[in-house]
Amino acid sequence: MTLLETRNLSGGYRALTIFSDVNLTIEPNTITGILGPNGAGKTTLLKTLAGLLKAQSGTIRLDGNDVMPLSAHDRARHGIALVPEGRQIFQGLTVKENLGIPRSASRFSAVEFDRRFEEILTIFPRLRERLGQLGGGLSGGEQQMLAIGRALLLDPKVLMLDEPTQGLAPIMVSQVLSSLEALRGRFSMLIVEQNRDFLDRLSNSKFVFRGGKLEQTT
Amino acid sequence: MSRALSIGVAAVTAVLLGVAWLGWIPGVTSSTITATALRALALMGLNLIFGVVGMLAFGQAAFMALPAYFAGIMDRMGVPLLIALPLALTMVVLLARAVAEVLVRLPGVYLAVGTLGFGMVVEGLARAFPSWTGGASGLVFEHGRNFGTNVWCAIAVVSLAFGVGCYVWYVRGAVWRRLRAIRHDELAASVLGIDVHREKAKIFTIGSAYSAVGGLLLFHYVGVLIPEDAGVVRSLEQIGTLLLGGAGFLVGPIVGAFLVDWFFVISGYAARYELVIYGATFLLVVMYAPQGVSGLLLRPWKRLAGDKAEKAPVVEIRHSVAAVSSDSRVSGRPCLLLHNVTQSFGGVHALVDISLDVKAGEVFTLVGPNGAGKTTLFNIVSGVLRPTSGRTLLDGVDITDLPVHRRAALIGRSFQTPRLVPELSVLANVVLRVDQLSPKLSEQARQAIALEQLRMFELENLSYLSVAEVGLGQRKLIDIARAAVGNPPIVLLDEPAVGLTSAELMHLSEMIRKLKRQGCAVVIVEHNIEFVSNIADRGIVLDSGREIARGTVRDIMAEESVKAAYFGALS
Amino acid sequence: MNPLTQSLISGLMSGAVYALLAVGLVLAFHTTRVVNLAHGESFAIGGLVAATLADAGLPAYVFAPVAIAASVLFLLAVERFLLRPRRSWPIGNLILVTLAAAFLTRGVLQLAMGVDPLSFPRMFTGAPFRIAGGVLPPQGLALIVIGVTTAVAVTLFLLFTPLGRKLRAVAENPDAAELLGVNVDRARSLAFGIAGALGGLSAVLLVPLVSVDYQAGLGMTLRGFIAAALGGMAPATVILAGLGLGLSEALVTNYAGALAQDPIVFIALIAVAVWQSRKIAFGGTGRA
């Protein structure tokens, strides 16, 4: 059964339409990649799926249920997680506090949450070393790990990543790549990237965003 | 505001005044007209400060009461009226200038609370020194009784007309554009060369002078001044009245003052409900009709008149706005030099020891991931930031300590998201830059220069559209054309290619080549590598504020470390 | 009687009130980015409601909670009905909205409660304490102790509880918090609710020692804001700033007379604002 499905989805800011008629189908436990230049509408699409922006028309279904009426925080509770562009970690909160934010919205039970918390620190050992540090003091790569770890604690059905390699040193890019590869098959991922190599390594299916339209590619 | 509209408004106002004076409007007598006209005159000051420029000045009533207090106190000391009045006004204007000097430098909310506090202080002092100010029972003015009601009415109407005349004469053309630019975006305004602090201080002073004249006459007419008249509540009532009439409109203060006064006249001085009525009106207008009554009335009128910028007759350009003599335009001559520039924000290094030399007639690119320090570098060159250490030289002159607006003539800068003033036409946005570069030219000549600039970059077909009607990509091109007005020695372009269609990208390349041919040094921050490789000559690559490579674009793109950091090559 | 000790005592009392007001103002400011100029109205409402109920013969354990509840409801309404629907508005316009709300509230209070200053009996009675030549009534001691404790408690709540952590996350980056399942609207309601409770509490504690009338609100907003600005808009330092402001006001009154209080506090505000804005760029208005 299809996990996430959009039909004729259009979105943008107020009167400005950035993308239109996007039909995207995401099957469970797959990795979908979207390529495209800056300004093509990739970020706008992800924000619309996550509920930060209101769709202008069309539908979004998760497990066959319409999620359009849900606000962003409700979609997060139902398993749509977005790791936003630029990481957006809370700089004034410690690493531990950052990871604790999704606790009450998580689909995990309280006991399960604590177990997964440990697991995240195993996947990203650098975070364990820096648990008490402020988020603002982390390097770009560590911030990306924190942002991904934080979203994983929601227990997502689909994890959306907006340019996860942007601004990262190459060594960090390969670390992010291998940790995402390790998570393959647990849930679905939707990754937006300009880095084609990165997507080639990960994705089952790939799309290109051109002029606000989505096209399948190989 | 167009000339025809001003004349129309003046005519309607005159007719209304006549009708009111004849007593044909219920409840309105010549004494209502006098008080309303004087209140409107004072409100015009608040309209300039708050309505036009958008400064949150919450203490204007103090500037109405102060001159009256000064004059009244001098009168008691035996100073003749003809000396006391101008002296009181001068003192208040000087005081306003001093207050402005401090307050306009502060962020908006401090201005709001600072002016609120100023009003409280004046009210407190008026209460505290009853032997001078009459205390709570008020200061009485005897001289007003020497004039009859009709004389007062004439004085009030003539003063108001004079105030309106001064306003119409002053707030137009370049001044109007400048004030709208400041209101909309102070940073963009200062990068265009506007001295934002000076302009705001000037407007605060002029506006307070309006309040002072209006207040001085009003309290002499009414005959008594109590401490509350200087206080916070009066100031807030004024804001409410202005918002009701329409903040930012020439007629806003007049409409507001008239509606409020008239309402309280026909409702039989509903004094008990005064505060709650003011408050409710204030809240409703702020939330549901931010343009006020004038906005509602003028909207259909504007639609009829076609709200387009007036076309200026094209005059031949004999004036040059070139900022520097042409001999520095020899391609290859060093233009921008950065010596060991370091910038840190509270211990975090945004840039570490960066040196640059950009030559005239060259396209130079700054490459690097987000957060690498590219925008910080632009802010240092354009003067928005002062570097923690290091020097900036332009054409051999050290500009490190020059404030933004003083170096703006030499540096054109476009923004990642174009920062045009939305309520002005495309042409007026470009004229805004010409205003700063050639303030001595006539309005016509400045418009012609702006038009020529748009024509040179093949954007003239957009000239008379309002910015809101123009697409995002085209706005970016207009922003760049504006930055290049006057052929400055250096132009900084912040991610010019982002969000452009392929046709607009070609247009952009053509614009940059033109600048290059004119001997401009063009510095570009851009993520679109394909675009940069085609257009740029040299560049440097930044990562976390440090230089990791420099050289010709071909060389730096070939370098392994750059490939790795930028293209995310997975070794 | 030692006038210096006495003024220090009264400075601590008003300082505790300023600290409570400033902490509430800062909470609301961080979660919504709006300096709520209607904040002080929660003080006026709390004080007037308490005075009216006390006058009707109700005991303190009834009128105090009801008064605080009224203050909470007021600020909740400001957030829910005035600010929330206008989230996308420029901050300047939102500040105007709160100012208009303050103004209307003042008008409504004048109609409903009249213009006379009201007060109500002290909840903490007994013989005043005499300390180093100063007199401290039990109500005053309660004001200082409860006020400072509550302000500190709210700060600790923000720093060390999951809910406080969420509030800080919303304050720093509402979108990111929303993406992690935090209901930002509810967090903002919570912040305004706490702010209202602090405003109401400060009224219930302070008013029996002085009095309150319909126009007390804006002055309280102003002082709360000055303390908040002095403390750099951070909850912990704001408490110290509030106490410092109260003490310096009292000292100014002691040495220079009550008349000098307003101008000197005003000048202090301007000095602090100038000092804080020195970091701002020397031509523009901040980072691009």
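**Exercise 1.** Work out in which order the six strands of the open sheet in chain A are arranged.

*Solution.* Start by walking across the sheet: its order is β6-β7-β8-β3-β9-β10 in chain A, with mixed pairing. Strands here are DSSP E runs of at least two residues, helices are H or I runs of at least four, and both are numbered from the N terminus. Two strands pair if DSSP finds at least two bridges between them. Next, look at the edges: β6 (80–83) and β10 (213–217) of chain A each pair on one side only.

Before going on, note that this is a predicted model, where local features need pLDDT of at least 70, side-chain atom pairs count only at pLDDT 80 or more, and totals for chains, interfaces and linings use all residues. Residues are numbered from 1 along each chain as its sequence is written.

**Exercise 2.** Find how strands β3 and β9 of chain A run and how many bridges join them.

*Solution.* Pick out β3 (residues 31–35) and β9 (residues 205–210) in chain A: they run parallel, and four bridges join them. Now zoom in on I34(A), whose bridge partner in β9(A) is F207(A).

**Exercise 3.** Say which strands helix α6 of chain A touches.

*Solution.* Take α6 (residues 140–152): this helix packs on the sheet and touches β6 and β7 of chain A. Touching means contact, with heavy atoms within 4.5 Å.

**Exercise 4.** Locate R76(B) and list what this residue touches, skipping residues up to four places away in sequence.

*Solution.* First, R76(B) sits in helix α3 (residues 60–76) of chain B. Then check its contacts: S131(B), W132(B) and L139(B).

Conventions:
Chains are lettered from A and ligands numbered from 1 in the order in which they are written. Side-chain values use heavy atoms; hydrogens and water are left out. Axes are lines fitted to C-alpha atoms, for helices over the stretch in contact, and angles run from 0 to 180 degrees between N-to-C directions.
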